[in-house]
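This report describes the chains, contacts and local geometry of the structure shown below.

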Amino acid sequence: MNFILDYYNYWVVVFLMMAGFYIVISANNLVKKIVGLNVFQTSVFMLYISMGKVSGGTAPILVEGVTQYSNPLPHVLILTAIVVGVAVTAVGLSLIVRIKRAYGTVEENEFEHKDDAI
Amino acid sequence: MFILDIVSSILLIAGVFFGFSGAVGLFKFPDFFTRVHAASVTDSIAAILVISGLLLQTSFDLNTAKLVFILLFLMITSPTASHALAKSARHGGLLTLAEAKTENKGADDKQEQAH
Amino acid sequence: MAELIDLVLLAMLALTALRIIFLKDLFAVVMLFGIYSFLSALIFINLDAVDVAFTEASVGAGISTVLMLGTLALTGRKEKKNSHSSLLPLLVVTVTGAALIYGTLDMPPFGDPDNPVHQHVAPRYIEESPQEIGLPNMVTSVLASYRAFDTLGEVVVVFAAAIGVLALLGIRRKKDSDLESGLKEHKVLHVIAKIVIPHVILFALYVQFHGDFGPGGGFQAGVIAAAAFILYALVFGLPNTLAVASPKFLQWMASFGVLLYAGVGLVSMIKGGQFLDYNKLAADPIAGQHYGIIIIELGVGITVFAVMLSIFYAFSSQAERSNVQ
């Protein structure tokens, strides 16, 4: 029982990561692939935040009478990573818009054969 | 203090009940407009009850003020959201269950939006 | 108790991810992704990461959902039937997942205070930052002071992403100003938006300047302020918003924020310290730290606001007339 309590968080993170990975490699539509990448990304964030958690600790904001705080370092790394992540997602989505304009489709198996058209 | 705790738990339990009934309605009701009705129960009365219950648990400091602000914003925004949802469904030509049965598929899509 | 909440939230998260895999309707997929982001924000709160939860709720759930919906308006909302077999991806995913699960067994137990990750620099941040920096919120101290150079890099990445999006899409100005958003008839929305938008901007300013003491800071504030303008654009139409905050102005603002951040570093060098060494900014080191953190958070907020709004402009000005709802 203790063994499960110690690790369930990491296992769910791996499950989510694999769900995102599956969407990225199996989805046909590019927008869905981006959603999959985001799911993957969020699972990585969750892995970091899980590692920063200290049981019995509290949020890393100084309060009188509290000595046990969770680790602030993963929070800092992930906070900036989320904003950078959405900026990169925006670049990916704008590439998709350009692909739609150039090829007329965003389905992977459809523009495979249209490479010569451009 | 003891009485406050009892009142607050009654409010919280009532809020949870309404939230639950909203969730059940979302799954059980037949078409889009009835579902929006169920979803807006969660947004309005359940949220108001839960936050009022929490208000009684605070010691009337900054947290109380924050909760009051959240309550005010919810009371403004959530009915607006339900209204906008229902109105744009109507605008987009979605018919009620009585008017057409063939539109059910569109209602399914809109239902995702209602979450 | 916290574990129970955690388990329920994680189960909901896993179900949402599974549903995303099998749905073909992309509109529903994007909406589910919004729910997924909100759920993960709740988990972050449960794991004590309040700043991260705040960012995830405003950025992950807010802005990325809007951007994805903007893309869907241009590319269509149905995924076509996949011709490939899904057996090979499933195999790859299972094997990778099994390897990763095997790997997690070597991880230290979840939440144990003796884990290696809590031994190295974290105790110093937790014990000494309140004295060295003088701020209660350790995340802000680490983000804006100890790791300020890293944060400068992140801000530059966000800025570069805006350049990338503008280079790829550009902002098309429509000549005909009577381009309608069908929301014209929504009188209720107009009134409510006019009530809510000023408060959202006020809240953004609160988050910006209260970030030293509670959850918040430049990243979140910039996104919230951008969300207020996005709401304005959605309800009153893009041309009206372009009149309020023109793309040119936003480009100036985005670069101004980065320059403000880097400028603080240069000033601290002129005063005889290292790059971004705030101790030298004022006679008293702690006062110097406060000045430095407030100014660079402001730079971050300005850049993030301008970048997010420019990206939104780029996407929503692409929408052709027929697609504007």
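## Contacts around B:V41

Two residues are taken to be in contact if their C-beta atoms, placed from the backbone, lie within 7 Å. The model discussed here is a predicted one. Apart from neighbours within four places in sequence, the contacts of B:V41 are B:F18, B:S21, B:G22, B:G25 and B:A46. B:V41 belongs to helix 2 of chain B, which covers residues 32–57.

From B:V41 to B:S52 the separation is 11 residues in sequence, and the C-alpha atoms are 16 Å apart in space.

## Chain B as a whole

Chain B contains four helices and zero strands. Read from the N terminus, the order of its elements is α-α-α-α.

Chain B has 115 residues, of which 15% count as buried. Among the contacts in chain B with a separation of 6 or more, 62% are made by residues 24 or more positions apart.

## The largest nonpolar core

The largest nonpolar core comprises 131 residues. Within this core, the residues with the most contacts are A:V35, C:A226, C:V307, C:M308 and C:I311. Helix 12 of chain C, residues 285–316, supplies the largest share, with 15 residues. In chain C, domain 1 (1–86) and domain 2 (137–325) both contribute residues to the core, so the core lies between these domains.

What does C:A226 touch beyond its neighbours within four places in sequence? The contacts of C:A226 are C:F305, C:M308, C:L309 and C:F312.

## C:E297 in helix 12

Helix 12 of chain C also holds C:E297. C:E297 counts as buried because it has 25 C-beta neighbours inside 10 Å.

Once residues up to four places away in sequence are set aside, C:E297 touches C:A144, C:Q208, C:G211, C:G217 and C:G218. C:E297 and C:A221 are separated by 76 residues in sequence, while their C-alpha atoms are 9.5 Å apart in space.

## The interface of chains A and C

Across this interface, 83 residues of chain C are in contact with 68 residues of chain A. On the chain C side, the elements that give two or more residues include helix 1 (2–22), helix 2 (26–46), helix 5 (122–132), helix 6 (138–146) and helix 7 (148–168). Helix 3 (50–75), helix 4 (87–104) and helix 12 of chain C are also among them.

Which helix of chain C gives the most to the side that touches chain A? Helix 3 of chain C does, with 15 residues. Sorted by class, the side of chain C that touches chain A has 55 nonpolar, 20 polar and eight charged residues.

## Two helices: length and burial

Helix 2 of chain A runs over residues 30–52. At 1.5 Å a residue, its 23 residues should span 33 Å, and the end C-alpha atoms are 34 Å apart, which agrees. Helix 2 of chain A is mostly covered, as 19 of its 23 residues are buried.

Helix 4 of chain C has 18 residues, which at 1.5 Å a residue should span 26 Å. The end C-alpha atoms of helix 4 of chain C are 26 Å apart, in agreement with that value. Helix 4 of chain C is hardly covered, and the count of buried residues among its 18 is one.

## Positive phi angles in chain C

C:D48 is a residue other than glycine with a positive phi, near 75°. C:D48 sits in the loop between helix 2 and helix 3 of chain C. With 24 C-beta neighbours inside 10 Å, C:D48 counts as buried.

C:L276, a residue other than glycine, also has a positive phi, in this case near 60°. The loop between helix 11 (247–270) and helix 12 of chain C contains C:L276. C:L276 is buried, because 22 other C-beta atoms lie within 10 Å.

## Confidence in chain A

The mean pLDDT of chain A is 87, with 93% of its residues reaching 70 or more. Within chain A, confidence is highest in helix 2, at 92. Confidence is lowest in helix 4 of chain A (residues 108–111), at a mean of 75.

Key: Residues are numbered from 1 along each chain as its sequence is written. Chains are lettered from A and ligands numbered from 1 in the order in which they are written. This is a predicted model: local features need pLDDT of at least 70, side-chain atom pairs count only at pLDDT 80 or more; totals for chains, interfaces and linings use all residues. A nonpolar core is a set of buried Ala, Val, Leu, Ile, Met, Phe, Trp, Tyr and Cys residues joined through C-beta atoms within 7 Å. A residue is buried if 20 or more other C-beta atoms lie within 10 Å of its own, exposed if 12 or fewer, and partly exposed in between; C-beta atoms are placed from the backbone. Domain bounds come from an automatic or database domain assignment. Ala, Val, Leu, Ile, Met, Phe, Trp, Tyr, Cys and Pro count as nonpolar, Asp, Glu, Lys and Arg as charged, and the others, Gly among them, as polar. The expected span of a helix is 1.5 Å times one less than its number of residues. pLDDT is the predictor's confidence in each residue, from 0 to 100.
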